[in-house]
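Here is a friendly walk through one protein model. Have a look at the fold first, and then we can go through its parts together.

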Amino acid sequence: ASAAPSTVKIGLIPADGIGREVIPAARTVLESLSDGPKFEFVNLDAGFEYFQKTGTALPQETLDVLKNECNGALFGAVSSPSHKVAGYSSPIVALRKKLDLYANVRPVASVKSPAFPDQRELDMLIIRENTECLYIKSERQEVDPETGLKVAWADRKITEYASKRAGTMAFNMALTRQKLREQKPLEKRFWKQNPRVTIVHKSNVMSVTDGLWRETVRAVKEQNPDKYGGVDMEEQLVDSMVYRMFREPEAFDVVVAPNLYGDIISDGAAALVGSLGVVPSANVGDDFVVGEPVHGSAPDIAGKGIANPIAAIRSAGLLLEHLGHTQQALKMYDAVDAVLAEGKILTPDLGGKSTTTDVVNAVLKNL
Ligand code: ATP
Ligand code: MG
């Protein structure tokens, strides 16, 4: 990546439900970082509620401001209607497409905390290809003339282009993580082996599609021995990946997967580290990055002031990290971890009685 910009303009898209509570919370934390970049923020519209008011879920103006003025964005959450609504499609899916955010990056790491007494130790980073696979949504249904019963089909698209981009990001992130670890004293490093990329696939069954994925990601290392020679590479069939991840989550460093497998294993991994309210993600492209907490709009608690802001704060950290402001990002992560480790100021999803604002104030105190 190029040099980190010294003024960072961030588009804030709270969208629906608790997005309106956790995105302002993350902004407050960003604003209180000292000796970091100078921040500018711009609030932007999108979401299901916005669609209900205006008939559009992602207005052109939001896209224009993001593309022309912003270095990155923070997205809250969208409500997903339980039934199909004519004319509506998810704005975050559209953003990923329009801004070419081709990888979803999701760190899943344990923190020692009274909130998670049975926590397994793990520190993995899942990279999910974000543009193709079954998500091209090419489906059709027909009636089998012989049986008179319905048959449904879906196409799955895997390209060398997208697989190579995702694979390259995986190897680069493995090197970056290693560099960051080396800044810590040995006893504080969780991962003590060579950096490692685990390629997830099912090419024993899907030999053409997953075969191309596997071969292309492997080639990233094989064709760049100077750059990636120090990164170990292993493969894991997706079913045994799930099994191993629950039995032995400490065995993974960077994991890279096609879209659908990545979706499934990253939600599974989130279950290993506590609440949905603490897991961040970033949608990353070559020119833009959008931080996005993994959770949804949580209509059951929206407006009550008790949403856990940690996933959003960590997503803001990921945003900074991908813009090159790594030291500021690390400060944010450390402050959040300190609050969790202390275990006194916790929102109800973590068994506490504190509010969103209480948690933000606790994070600020630790910054
Ligand atoms: P959506 O349709 O937007 O995905 P949902 O009903 O699936 O909404 P999620 O946001 O996915 O809701 O959340 C699932 C559960 O986890 C809900 O009970 C919600 O309250 C809880 N939850 C999610 N995020 C948070 C958070 N940040 N803080 C506290 N609880 C949360
Ligand atoms: Mg949900």
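## Ground rules

A residue is called buried if 20 or more other C-beta atoms lie within 10 Å of its own, exposed if 12 or fewer do, and partly exposed in between, with C-beta atoms placed from the backbone. By that count Ala298 is buried, because it has 22 C-beta neighbours inside 10 Å.

Please keep in mind that this is a predicted model: local features need pLDDT of at least 70, side-chain atom pairs count only at pLDDT 80 or more, and totals for chains, interfaces and linings use all residues. Residues are numbered from 1 along each chain as its sequence is written, while chains are lettered from A and ligands numbered from 1 in the order in which they are written.

## The chain as a whole

The protein chain has 12 helices and 12 strands; these are DSSP runs numbered from the N terminus, with helices being H or I of at least four residues and strands E of at least two. Its radius of gyration is 21 Å, close to the 21 Å from the globule rule for 367 residues, so the chain is as compact as a globular protein of that length. The radius is taken over C-alpha atoms, and the rule is 2.2 Å times the number of residues to the power 0.38.

Along the principal axes, the C-alpha atoms fill a box of roughly 65 × 55 × 40 Å. Buried residues account for 45% of the 367 residues in the protein chain. Of the contacts with a separation of 6 or more, 74% are between residues 24 or more positions apart; a contact here means that two C-beta atoms, placed from the backbone, lie within 7 Å.

## The sheet and its helices

What is the strand order of the open sheet? Its 10 strands run S2-S1-S3-S12-S11-S4-S5-S10-S8-S9, with mixed pairing. Two strands pair if DSSP finds at least two bridges between them. At the edges are strand S2 (38-43) and strand S9 (232-237), each of which pairs on one side only. From one strand to the next, the twist averages 25°.

Strand S4 (residues 103-109) and strand S5 (residues 123-129) run antiparallel and are joined by 7 bridges. Asn104, for example, has Arg128 in S5 as its bridge partner. Helix H5 (residues 160-182) packs on the sheet and touches S4, S5, strand S8 (196-201) and strand S10 (254-257), with its direction at about 160° to that of S5. Helix H9 (residues 259-270) also packs on the sheet, touching S4, S5, S8 and S10, and its direction makes about 150° with that of S5. Axes are lines fitted to C-alpha atoms, for helices over the stretch in contact, and angles run from 0 to 180 degrees between N-to-C directions.

## Helices around H12

Helix H1 (residues 19-31) packs with helix H12 (residues 356-366) at an angle of about 20°, their axes 10 Å apart. H1 and H12 are therefore roughly parallel, a label for angles under 35 degrees; over 145 counts as roughly antiparallel, 65 to 115 as roughly perpendicular and the rest as oblique. Glu21, Val22, Ala25, Thr28 and Val29 in H1 meet Thr356, Val360, Val363 and Leu364 in H12.

Helix H11 (residues 326-342) packs with H12 at about 120°, with 8 Å between the axes. In this pair, Ala335, Val336, Ala338 and Val339 in H11 meet Val359, Ala362, Val363 and Asn366 in H12.

## Residues to look up

Val197 lies in strand S8 and is buried, with 26 other C-beta atoms within 10 Å. Leaving out residues up to four places away in sequence, Val197 touches Ala170, Phe171, Ala174, Val231, Met233, Val254 and Val256. Ala311, in helix H10 (residues 310-322), is buried too, with 27 other C-beta atoms within 10 Å. Beyond its neighbours within four places in sequence, the contacts of Ala311 include Gly277, Val278, Pro293 and His295.

Most residues other than glycine have a negative phi. Ala298 has a positive phi of about 45° and lies in the loop between strand S12 (289-291) and H10.
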